[in-house]
Each structure stands twice: as C-alpha cells, then as structure tokens.
Amino acid sequence: MSHKEKSCVEMSRKKAGILAVAVLAVAFLLGGCGVGKESEAGKEGGAGTVASESWAYVHEDTTEILRLYEDGRAIYKGNAYSFEKSDDFLNLHGEKGEELKLRYAVKNDGMLLYEATTYHYVSGPSSEGLVGLWKGGEEDRLSYEFTDKGTYLEDGVFPGHYTLDEGAGTIKLMYNDHFEDIYLYYTLSDGELTIEYPWPLVHTVQTAAE
C-alpha cells in the first residue's frame, strides 16, 4: 500500500511521529476519550448501540483515522471495511474485495500502527540489497538512502545510523539528533522496497462540539 499524500504533510507527520514516541507515555493519559457507542436505531437488523473504539495519531489526537466496532465493522481513513484481528495484524476487507493487512502493537493504552509505503530503486550497487537510494510516495518526494557503512539519510533531511536484521525483517534507525530510535519492518522484491513505518495512536480526543 503506497501513501498518496503530499510530501510536506508526510514529512510533518513523520517528524511529529518520531518525536511522539518519546512522549507517548504522557499522551496515553488521554486514553479512553475515544471509546464510545454508535446508534444503530433505524439500521437494518437492529436497534440500540454498538460499542466501538476510536483512534487518532498522537500528534493529531482530535482527528479520527481508525474506528473499530464490536460487530466487526471498521472505518479506516474514511473508508468502510469489515475486519478481524490477530495478535500482530489488523486485517481489513473492503466491499469491492480490497484488503489491507496492517501490522500493529498495543502499547499501554495506545497502539503503534504500521503503515506501508513502497519505494523503488533509483541508484546504488544493486537493487537486490538495501544499500542505495530509494524513492516513493507522491511524485517520489519521500526517500531513504542506505550506505554500506551503516549510515542512512531519510527524506533527504534526517541522517543517522542503521542496523539490519534480515531474519526478523526489521531495520533499526538511530537518528543523529534528538529523535528516538525506531524499528521499521521491510521487504525487498524486484527492485521495490516496502517500509512499514510505526505511527503512535491514542484514543481520539472528543472536542466540545462533539
């Protein structure tokens, strides 16, 4: 699944997401604000309410991006799905047969949701390994450049060092500045690099108008 978002929005989210990992424990104190019920009155086959949980990015905690209902329905970024969960994945099924498999991890009262972006090989010693320049996202404005010396440059802005665990399929990014270290999941296939990036989620904070 490739993101189709403007680069400036992606980079702002990425910076905010990295910073959020450091303060996630504080943000989780907001938990519980997004757990609620939806009225089923007037819908086919039922009346009353269905319990649900609402999730938002920690840096945009009043904007819902995911809602999960106890009856197996889900809303993800405005689109309707049915879903089931395993210990590691949230599997979403659309009405037209489309499927999304999102890795997740529960953290205290919050969640890390791994969203995937696919990058294509641009330059380097070989497209079969991680080393080289990879671009993706809207108009190829997102990038990772990995070197054989264990360094990287993310989006042309964020430098650091990395370690690779091929067995686990993970990359550990260690930023040079004050950002927290993070683990990415990755796959390499036919000159494409798919990165699953962890976004911290909290229960959506309801505003006074709601």
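Buried describes a residue under 20% relative accessible area, exposed one over 50%, and partly exposed one in between (1.4 Å probe, protein chains only). The legends below concern a predicted model, in which local features need pLDDT of at least 70 and side-chain atom pairs count only at pLDDT 80 or more, while totals for chains, interfaces and linings use all residues. Residues are numbered from 1 along each chain as its sequence is written, and side-chain values use heavy atoms, with hydrogens and water left out.

**View 1. Salt bridge between Glu115 and Lys77**. A salt bridge is a side-chain nitrogen of Lys or Arg within 4 Å of a carboxyl oxygen of Asp or Glu. Here the side chains of Glu115 and Lys77 meet at 3.4 Å, N to O. Glu115 belongs to strand S8 (residues 110-123), whereas Lys77 sits in the loop between strand S4 (73-76) and strand S5 (79-85), so the pair ties together parts that are 38 residues apart in sequence. Strands (E, at least two residues) and helices (H or I, at least four) are DSSP runs, numbered from the N terminus. Glu115 counts as buried because its relative accessibility is 0%; Lys77, at 33%, counts as partly exposed.

**View 2. Salt bridge between Arg103 and Glu196**. The closest N and O atoms of Arg103 and Glu196 are 3.1 Å apart. Arg103 lies in strand S7 (residues 99-107) and Glu196 in strand S15 (residues 192-203), so this pair joins parts that are 93 residues apart in sequence. With a relative accessible area of 17%, Arg103 is buried. Glu196 is buried as well, with a relative accessible area of 14%.

**View 3. Salt bridge between Asp71 and Arg73**. The side chains of Asp71 and Arg73 meet at 2.9 Å, N to O. Asp71 has 42% relative accessibility and therefore counts as partly exposed. Arg73 also counts as partly exposed, because its relative accessibility is 28%. A search of the whole structure finds five salt bridges, among them the pair shown in this view.

View 4. At 3% relative accessibility, Gly160 counts as buried. Neighbours within four places in sequence left aside, Gly160 is in contact (heavy atoms within 4.5 Å) with Gly150, Thr151, Tyr152, Met174, Tyr175 and Asn176. Leu173 is 13 residues from Gly160 in sequence, and the two are 6.9 Å apart in space, C-alpha to C-alpha.
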